[in-house]
Amino acid sequence: MGLQMGQGLWRVARNQQLQQEGCSEQGYLTREQSRRMAAGSISSTSHRKQVQGGIDIYHLLKARKSKEQEGFINLEMLPPELSFTILSYLNATDLCLASCVWQDLANDELLWQGLCKSTWGHCSIYNKNPPLGFSFRKLYMQLDEGSLTFNANPEEGVNYFMSKGILDDSPKEIAKFIFCTRTLNWKKLRIYLDERRDVLDDLVTLHNFRNQFLPNALREFFRHIHAPEERGEYLETLITKFSHRFCVCNPDLMRELGLSPDAVYVLCYSLILLSIDLTSPHVKNKMSKREFIRNTRRAAQNISEDFVGHLYDNIYLIGHVAA
């Protein structure tokens, strides 16, 4: 009985050893067969390396096949809704590359329409019946070309958009385009708005400052309409237009605080000077809260001391309003 158990255990151990050394679809190999196959494999591999000048093409192809099996899922095999959702995360360059592989999917008009509207939020052509042969992919290329032209020469850029039917020749339409676009160079835009005050007027009216604290509203304003680097007539014009717009958006607050557009103008100028004073490394003696309140109330006497103090705290904690 003990002998039979010993022989059984030996067979199990022997089978495991043979299985580790080499097996085939026909069953376990003998040690000699395994050695012969290994030697043949080495000889074949060496021969392939010699033929290919030292590059093991066999293993390269084998690795490539393995990578293909473990690679990306073919989007054409997925439900269309899921495929479009995946492709919608790509930018224009990657979508063009994807169209080389998944032509029908990556050239879909809905994807290019989303790219156009996410980059250029408003164009006159969006609200018109598209002409024959219209393509959002082509429109994206035109919008990109027009933006580059604008960043070199604003007037030529706007004329390009009009020539392609993308924008109507209207200050309001141009203002909406500027307000909803983030690809325009802010320095060139500042020059353009300084020359086109009609567009500037419509651009200001697109801002809604309702229930916003004055310094935060001023920051939002200057994010869209950048302040000039030096004081002058253009800066005074911007602050004047902002003050009137802020009062229009907050009539109840103006009545409660007893503020007028002129008083808001004084506060805005004071906030700009204060932010420069507190953030500039060249100013050694920073303005104190008490000094700011005193100077501001001297210029606008009806303003609450507490309100002016909150203005100072906002600039001290958050920073510049026209950076």
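Leu-317 counts as exposed, with 70% relative accessibility; here buried means under 20% relative accessible area, exposed over 50% and partly exposed in between, with a 1.4 Å probe and protein chains only. This is a predicted model, in which local features need pLDDT of at least 70 and side-chain atom pairs count only at pLDDT 80 or more, while totals for chains, interfaces and linings use all residues. Residues are numbered from 1 along each chain as its sequence is written, and side-chain values use heavy atoms, with hydrogens and water left out.

Leu-317 is found in helix H18 (residues 305-318); helices are DSSP runs of H or I with at least four residues, numbered from the N terminus. Together with Tyr-316 and Ile-318, Leu-317 makes a nonpolar surface patch of about 400 Å². Such a patch joins nonpolar side chains (Val, Leu, Ile, Met, Phe, Trp, Tyr) within 5 Å, from residues with over 30% relative accessible area and no salt bridge. The areas come from the Shrake-Rupley method with a 1.4 Å probe.

**Inside the fold**

In soluble globular proteins, nonpolar side chains tend to be buried together.

Not counting residues up to four places away in sequence, Leu-143 touches Cys-116, Trp-120, Cys-123, Tyr-126, Phe-161, Ile-166 and Phe-177, where contact means heavy atoms within 4.5 Å.

Helix H11 (residues 186-195) has Leu-189, Arg-190, Tyr-192 and Leu-193 as its buried residues. Seen down the axis of H11, these buried residues fall within an arc of 165 degrees, so they line one face of the helix; the arc is that of the directions from the helix axis to the C-beta atoms. The partners of the buried H11 residues are helices H8 (136-152), H9 (154-163), H10 (171-179), H12 (197-205), H13 (214-224) and H14 (233-249).

**A loop residue**

Met-287 sits in the loop between H16 and helix H17 (289-299) and is partly exposed, with a relative accessible area of 21%. Leaving aside neighbours within four places in sequence, Met-287 is in contact with Leu-274, Asp-277, Leu-278, Phe-292, Asn-295 and Tyr-312. Met-287 and Tyr-312 are 25 residues apart in sequence, yet their C-alpha atoms are 9.8 Å apart in space.

**Charged pairs**

The structure holds 9 salt bridges, each a side-chain nitrogen of Lys or Arg within 4 Å of a carboxyl oxygen of Asp or Glu. Some of them are listed here.

| Pair | N to O distance |
|---|---|
| Arg-197 and Asp-194 | 2.7 Å |
| Arg-255 and Asp-252 | 2.4 Å |
| Glu-305 and Arg-297 | 3.5 Å |

Glu-305 is partly exposed at 45% relative accessible area, and Arg-297 is partly exposed at 31%. Salt bridges that share partners join Asp-194, Arg-197 and Glu-233 into one network.

Arg-255 counts as exposed at 62% relative accessibility, whereas Asp-252 is partly exposed at 46%.

Terms used. Patch = residues over 30% accessible without salt bridge, like charges linked within 9 Å, V, L, I, M, F, W, Y side chains within 5 Å. Helix = DSSP H or I, 4+ residues; strand = E, 2+ residues; numbered from the N terminus.
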